[in-house]
Amino acid sequence: MIRFIVRRLIQMAGVVLVLSLLLFMWLRSLPGGTVSAILGERQTPERRAALEAALGLDQPIWVQYGKFLERAVHGNFGVSTKVLPGTDAFEVFLMRLPATIELSLLAMLIAVSLGIPLGYLAAKRSGSVFDNSAVVFSLVGVAVPVFFLAFMLKYWFAVEWNILPVSGRQTVGIDATRITGFFVLDGLMTREWDAAWDAFKHLILPAVALATIPFAVIFRITRAAVLDVLDEDYVRTAEAKGLTSRVIRGRHVLRNAMLPVTTTIGLQIGALLAGAILTETVFSFPGLGDALAISFRDKDYAVLQVLIMAAAAIYVVVNLLVDISYAIIDPRVRTR
Amino acid sequence: MSPSKKNPLTSFGDRRKQQIDELAETSVGDDAGVSLIASAWRRLRRNPVFLIGLAITVLFVVLALISPWLAPWDPSDNPMIDEVRRQTNPVPGPEAGHPLGGDDRGRDLLSRLLVGSRQTLFVGVFATLFGLAGGLVLGTLAGALSGWVDSAVMRLVDVMLSIPSLLLAFSIAALSSRPSQWTVIIAIATIQVPIFARLLRGSMLAQRVSDHVLAARALGVNPAAIVFRHMLPNALGPVIVQATLVLATAIIDAAALSFLGLGNPDDRQPEWGQMLGRATAYINDYPHLAVYPALCIIVVALGFTLMGESLREALDPKSRR
Amino acid sequence: MTDVLVDVRGVKVHFPIKRGVIFDKTVGHVYAVDGVNLQILKGETYGLVGESGCGKSTLGKAILNLETPTEGSVEFDGTDIAALKGKELRRKRQDIQMVFQDPMSSLDPRQSVESLLTEGMKAHGLADDKEATRKRLRELLSAVGLPPSALSKYPHEFSGGQRQRIGIARALSVNPKLIVADEPVSALDVSVQAQVLNLLEELQDEFELTYLVVAHDLAVVRHISDRIGVMYLGGLVEESEAGELYETPLHPYTRALMSAVPVPDPAVEDQREQILLMGDLPSPSKPPTGCRFHTRCPWRQETRCDDERPELRVVEIDGVTPGHRVACHWAEQIAAGEVERHEVTATMTEQSGPDEVDDGPPQYFVDPL
Amino acid sequence: ESDRSDEGGGSGDGGTFTFGAAGAPEMFDPFYATDGETFRVTRQMFQGLLGIKPGTATVQPELATEWSADEAGTTWTFQLRDDVTFHDGEPFNADAVCYNFDRMFDQNEAGQVAGEYWGYVMGSFSNDPEGSLYKSCEATGEFEATIEITRATSGFPTMLTLDSLSMQSPKALEEGDANGIAAEGEGFSFPDYAFAPVGTGAFKFGEYDEANGTITLERNDDYWGDPAKTSELVFRVIPDESTRRQELEAGSINGYDLPNPADWSGLEDDGNEVVIRDPFNIFYVGLTPENNPALKDLKVRQALYHAIDREQLVQSQLPEGAAVATQFMPEAVKGWNADLAAYDYNPDEAKQLLADAGQEDLTIDFAYPTEVSRPYMPDPQALYEAIRANLEDVGVTVNVKTASWNGGYLDNVTAGKYDAYLLGWTGDYDSADNFIGTFFGNLNSNDFGTKAYPWGAQLSQDLKDADAIVDEDERAARYEELNQQIMEDYLPGLAISHSPPALVVGPGVSGLTQSPLTAEQFDTVEVGGE
Amino acid sequence: MTRPTGEPLLSVRDLSVTFQRHGEKAFTAVDGVSFDVRPGETLGLVGESGCGKSVTSLALMGLLPARGNTVTGTATYEGTDLLSLSRSEMRDRRGRDIAMIFQDPLSSLNPVVPIGLQVTEVMERHRNLSRKEAMPEAEELLARVGIPDPRARLKNYPHQLSGGMRQRALIAMALACQPRLLIADEPTTALDVTIQAQILALLKELVEDTGTALIMITHDLGVVAGLCDEVNVLYGGRIVERGDRHRLFAHAAHPYTNGLLGSIPRLDAPRGERLEAIPGSVADNLPWDSACAFAPRCPRALDRCREETPVWEERPATGLRCHNPAEVQRD
Ligand SMILES: Nc1ncnc2c1ncn2[C@@H]1O[C@H](COP(=O)(O)OP(=O)(O)OP(=O)(O)O)[C@@H](O)[C@H]1O
Ligand SMILES: Nc1ncnc2c1ncn2[C@@H]1O[C@H](COP(=O)(O)OP(=O)(O)OP(=O)(O)O)[C@@H](O)[C@H]1O
Ligand SMILES: [Mg+2]
Ligand SMILES: [Mg+2]
């Protein structure tokens, strides 16, 4: 087990290193970026040259990479030019991380708490009207572009009916103490109930939009898994033992069906980051996705590089966590 | 039967890779002897979900093919430009000859929607084809040659898989210096490459140890013929299903790229995703600009998804019991 | 009579078990076949029996070099097949063909019977003349008892028994000298089993074939074989003429095996003395030291059995012919009743790992993200 | 829900004015700032010696009450206000002024690059005094500062209205190591001072909540002028345009900058006020003759100009208030030539001119930027499409080129990679030199590639000479002449239009005065009243 | 061995199961099957794949899928008709009165639940024992079915056991509530011969010790020969021949039974003898309702066999469904 975790962490480091090199080379080979961002229309060849020299961009690329690595070791990953100009890209990552975690957690919570029970019910009543409509509903969920859905949600709930806030993480003017960067948590910790509730309200719409795809996927995996498990001989054995349906459902069906579902949840958590780019943009929610969208559009290369590498690392770590949790629920893996 | 199932190591490995591998295994059914296509078709013929998907898809493809003749206006022409006033009337409403009105450039919206099907199909199909081609090359190399070629190819694929797909597509599109419809296509295609590659490799490996390949080897058939005549065709099932689903996601992904400003900047030839992406700027006062293409996308994506999902179910040996 | 067609010498097939922190390294081996010597004579049927996982199939494949042996040589008609590679190997394979267990998966579902049958012929330049090929195909079909109309059909249009016939026809298509049949009937219904067994026998006479029949069903092997080799955990434990093996099994394992096979005759069943083996088959990745069978052997002795691996040897016992070889230190003593049978306490093999981890359904990989 | 009143109304007297910003500010030291998002914030806290009269681009006194120059136009004496203190209580006086100038002049290597505007107007820094316009500053009295410059220029002292040249507290600068800027990989790392700015303005720095993307400024109760009408001024970063609109409608912000022209009427219908600024910009099609020799022919350039239906373009693609340009500067700038007529839309003449030049089959690589919207071109692609269609109508073959603004477009323009391209300029202060001087003054490198023309050097020299004319009226006359020459004889590029960027505020907001320079002061804004 | 006599424990009459899949033709998998089992008796159900053996057993257990099938007939167990019981009443009986052992010991055990719990849960359910009370019993039970070191095994998961051990564990579960009827559906098919011998011996011993009735389902006539008191041969969903095992193997009357016996290579038969194979395959069957299903493959088929359904002739200790049986010596 430990060996395995070590192995995966080393792999992750390798992936991130290779990625950093690829990204670095690629980004540096692109025109524009920092210099254009700083100079705008005022760019002239001289100013360009001066700025490049000042930033060391005129040096050979491997020298730049070397310096980048050297700085990276000291925690400097380059300065953001657009997202939070002047802030180190890694700091930007850290600053934006809690927002996205908060959002993803809620989204995942929604997806899981709806997807699993509905998936189970659909499988139990496979072929029924409920099953068919749930399946079609989930497929429609996948077919709707996330950002469009987000727009619609925002339009109805925030603009038309004005029940929920339009954008952001917290209403301006609310007294809120920042401790962890997780606004809801901060609010609870400091007993600023208003602040917590306000931050939570800001999470609802983006989380719902973000949850659709994980929900659809989790729902269908659960349904497929339960259907499969229901067909398994051991469920028939359990039936043959005359066990109550509660025991059969919990111990024999769900516990087994959860294995593939866990995998999927893990994958979806990783994928949430990509979905967050769209939802956070629509809701101007200052998280990692928003930062990524800005850096894509405005070529904030430092942030881009750090965030892509971080996304890969997060993805690997989440996968690792899933694997570990897998080991906890699946004795076949645990006892190997 | 298949190697990855037997090898306990993979059961505690990277989940995403594993999911792909499992999918790959559907290529060797419990009764691989029964013609997959024939038996799948028998079941599909009576499956309403599949038929609806098929109907939508056929309708869409036909529409795409004949749309230039259907459309009342040239989609890049701006007959309503005189009505466009940035401030007072940026989006002309419906009128005679323009049942849906125009867009922000005075172009006929209906024509653009109709002709948009063509470009949408184009992006979807080419993104899928490129992804498939890349995946086929890599997957076949890895699946057929094994050894270090396999390792090298798979490491590459692993690095690509370690970034969430859509994020990878965004990055590629954002980092291309000359945005065009091809950057969109390539960005979407690239994220499919590792999936197709791994899928194909897994399914080829499953074929490699299957008895009929063993039999061909025993007959003295040369290795290239074994790969191309026996392994590849039998390994394609899951790949084809995945391709159908990719067609759907490609269209949606293209829209997402456009929304982020990373899509094809040239909108003379309309494409639904791009229309939707651009229309978000007008969503407050002219939501119909976004709603029409969005509905088109949803319906078509749903069509492909319904078809792909039911195909997959039909090809899945487990469901054939 | 003593024309040796195949001479297997010291063949070992070890499958590496790999795992590692960064790079996979070999941490052990599955000793699937671990030192087998045997000869197959021209025209005979050699039967190989043993329990699941003992390496029968692997040995069969090693003879065709479908699994390259880790060690040892397989001489076929004077050439060492185990050392051949590439084109030469493919050439040589014309002489040895294989029939597989599963009639479903051993035929490519996408090929018509005609192309299945001509594929091998083409590979060996036997299908250059169209007319001749056609004739040959018809001959093949009639030899295995299928109508000529079968040519244009696909495997899924046939029943299991018929598919097995197609598989046999395919093997015959290149005029092999030896056919390795791996569990040719175990996937078939009992009633159909007999048809295929009969067919195999007929074909042997007609085409002067030599068979290596691999099966776990002792009765089947005994029915069809001239000589039988009994395998246990990667090694041959006994080899003998078929009738003699049944009459006078020498190895304790063979005895147990014989006594375990149920006979469809209540009279026999009621008075049969059973030697029930206790415990499980050890894992081939951790084979016991010494005699592989000592962990389950009711005749195990304190000496030798645990640490000395017995050779396959000819023993001098009344009524035992020189062709009868056995790998047991105490074969003579057991036959003479000098060594007493005793109780064995069952030990359990900790299963080293899940032999099959099924993570549930194939994952619906709609990965919209 | 009661959110609305909370958010809009605010606490204490005067309430809160919340403004939606499109991006985060870089930091809060205007000297190193380069972008509008930063200046919008610093402008509320800082003031320069000279200010701009609200609603215009005209200079007016701010921290200096009077100023005068010697005959040569190189020694300038400023009389300062005597009632000003910095937010940290430090007095504002001549010493402070000179401290500021010396601080700006004396930059380390990184600072020289980051001090973008100083470099732009002053030429260079203390390490290269020859190249610098600024020479020295002396406190000639407690409230009298004398600044020497190396040559006369039209830009001085108007340039002192630039936000970058604002006055900051010497003590705070000192303590916060304000000049301790460093280049670090991709960008600059700023000293502590940059996040604890101290100025003299009506608002002082409150806090920057990066996690929530809000900047809070508080009323400066010791302000020397009329105190700010609201007790708090909040900037909230909302990168998405349509979201800003929705937030405004939901009442959680009170205004935002650069509303999409397409939204203007909708916004007004919903009871908001769209404040349209006077245009202080120019949108043009730049040409690169070196790249495409056909463009060296004046006839060709004129043909292209005549081919473009600018009236139509302005009407359909640009917001109300936009105007067809007759020259490379807006009307508000001194030196603007009222007699110049716009090139008319005349495709026939265009064809004729092309034929005369022997360029009937003219092909040009014509580029536009993506992923950007500038005040002078709200939707580059729309403008491009209109122009392209016009050009194609007269038989010009157009190769469409494009790149994203920060992702290569500007680089390619600078490097002269396109035959023709869309670009524009928003003036920094009221000076002709800030427009045409910037465009054509630097012979060796300018976006129009004028050195490829025979008259390029002459124009460059003429512009320099004009800039050095001390007498204002004389100078203005000279610029008018030059403008005529540029448009009629040279035509280095095609000046297209001036667009009025707008600003929108929600119902109940009053007292906002627009600024052509997009330099609105929010201290006069009142919120509420519902 | 003497055949138990007395009141039948389970009496099945005219059991038919028809599957009706959506859009497909109805398919009768089990067609009028009747038999009796007495306490302490072992009843064999033999036949080739697809002849309806498993469906019969599942129908008795009430374990057929909830939808898409119709079960008719009666199965009287101690006076109650199992087939007419409600789902929950049946649930109360399963595992307590009737237990079942399935074919594939690996897939029949829940992979993520320890063996111990899988054994005790039956006791908890039907005997109201707490888990604590049940554990020692479970341990005993495992020991009883021949699992070494049972205490440690309780904590093991199925994958940690070998095939034979798993089947023993399954048997232990079936025995946990001392059911009076045990149905074993091909309990040894997935196992090696040596292990098969162990399991058969175990079953035999259990029946003898406890007096449980056993319905043994298998396609292996050899297994039946050693174990069963009465043998029923199924073909195409109907019983074609029944007999006491000695009589049946010695003097089978039905051509199908004879065919089966002739097809099996026997270890004790002289080598080289041609096997008497049954021609064709199950796919060649005729529908029972207007012919003898076996007629197309039958060496003794008459014209009548293709036109008229043979009726079941019940005789003392035997029964037959054939128009043209082989000569039976009466004793
Ligand atoms: N490619 C392989 N890689 C690793 N191990 C293998 C491989 N092929 C076979 N083995 C292992 O080698 C051993 C012998 O396998 P083999 O298939 O020869 O057995 P067998 O006697 O034919 O058994 P069965 O009766 O089940 O077919 C088994 O433990 C098997 O798991
Ligand atoms: N749920 C079901 N729906 C439809 N048909 C079924 C179903 N279950 C079984 N059958 C059919 O009923 C027939 C009898 O099946 P059954 O499983 O009883 O055969 P069996 O005698 O047990 O065969 P085997 O020896 O292969 O286990 C088969 O033709 C099978 O296809
Ligand atoms: Mg085998
Ligand atoms: Mg069965």
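Helix α13 (residues 405–414) of chain D lies across the strands β17 (363–370), β18 and β19 (420–426) of that chain, and the helix runs at about 130° to β18(D). Such angles lie between 0 and 180 degrees and are taken between N-to-C directions, with axes fitted as lines to C-alpha atoms, for helices over the stretch in contact. Helices (DSSP runs of H or I, at least four residues) and strands (runs of E, at least two) are numbered from the N terminus. The model is predicted; local features need pLDDT of at least 70 and side-chain atom pairs pLDDT 80 or more, whereas totals for chains, interfaces and linings use all residues. Residues are numbered from 1 along each chain, chains are lettered from A and ligands numbered from 1 in the order written, and side-chain values use heavy atoms, without hydrogens and water.

The strands β17, β18 and β19 of chain D belong to an open sheet of 6 strands with mixed pairing, in the order β16-β20-β15-β19-β17-β18. At the edges stand β16 (323–324) and β18 (397–404) of chain D; each has a single partner strand, so one side of each is left without a neighbour in the sheet. Two strands count as paired if DSSP finds at least two bridges between them. Within this sheet, β15 (residues 281–287) and β20 (residues 493–498) of chain D run antiparallel and are joined by 4 bridges. F283(D) stands opposite S497(D) of β20(D).

Helix α7 (residues 241–250) of chain D is mostly covered, with 8 of its 10 residues buried. Buried means under 20% relative accessible area, exposed over 50%, and partly exposed in between (1.4 Å probe, protein chains only). Among the buried residues of α7(D) are R244(D), R245(D), E247(D) and L248(D). G251(D) follows the helix and has a positive phi, near 85°.

In chain C, helices α5 (residues 160–172) and α6 (residues 190–207) pack at an angle of about 20°, with their axes 10 Å apart. α5(C) and α6(C) are therefore roughly parallel to each other (angles under 35 degrees). The contact (heavy atoms within 4.5 Å) involves residues of α5(C) including Q164(C), I168(C) and L172(C), and residues of α6(C) including V196(C), L199(C) and L203(C).

Chain B contains 12 helices and 0 strands. Of its 321 residues, 66% count as buried. Among contacts in chain B between residues at least 6 apart in sequence, 74% join residues at least 24 apart. Chain B exposes about 10500 Å², of which carbon and sulfur atoms supply 68%; accessible areas come from the Shrake-Rupley method with a 1.4 Å probe, and for residues only the protein chains shown count as cover.

Between chains, 8 pairs touch, and the most contacts are those between chains A and D. Chains C and D do not touch, and their nearest C-alpha atoms are 22 Å apart. Chains D and E do not touch either, with nearest C-alpha atoms 44 Å apart.

Terms used
Parallel < 35°, antiparallel > 145°, perpendicular 65-115°, else oblique.
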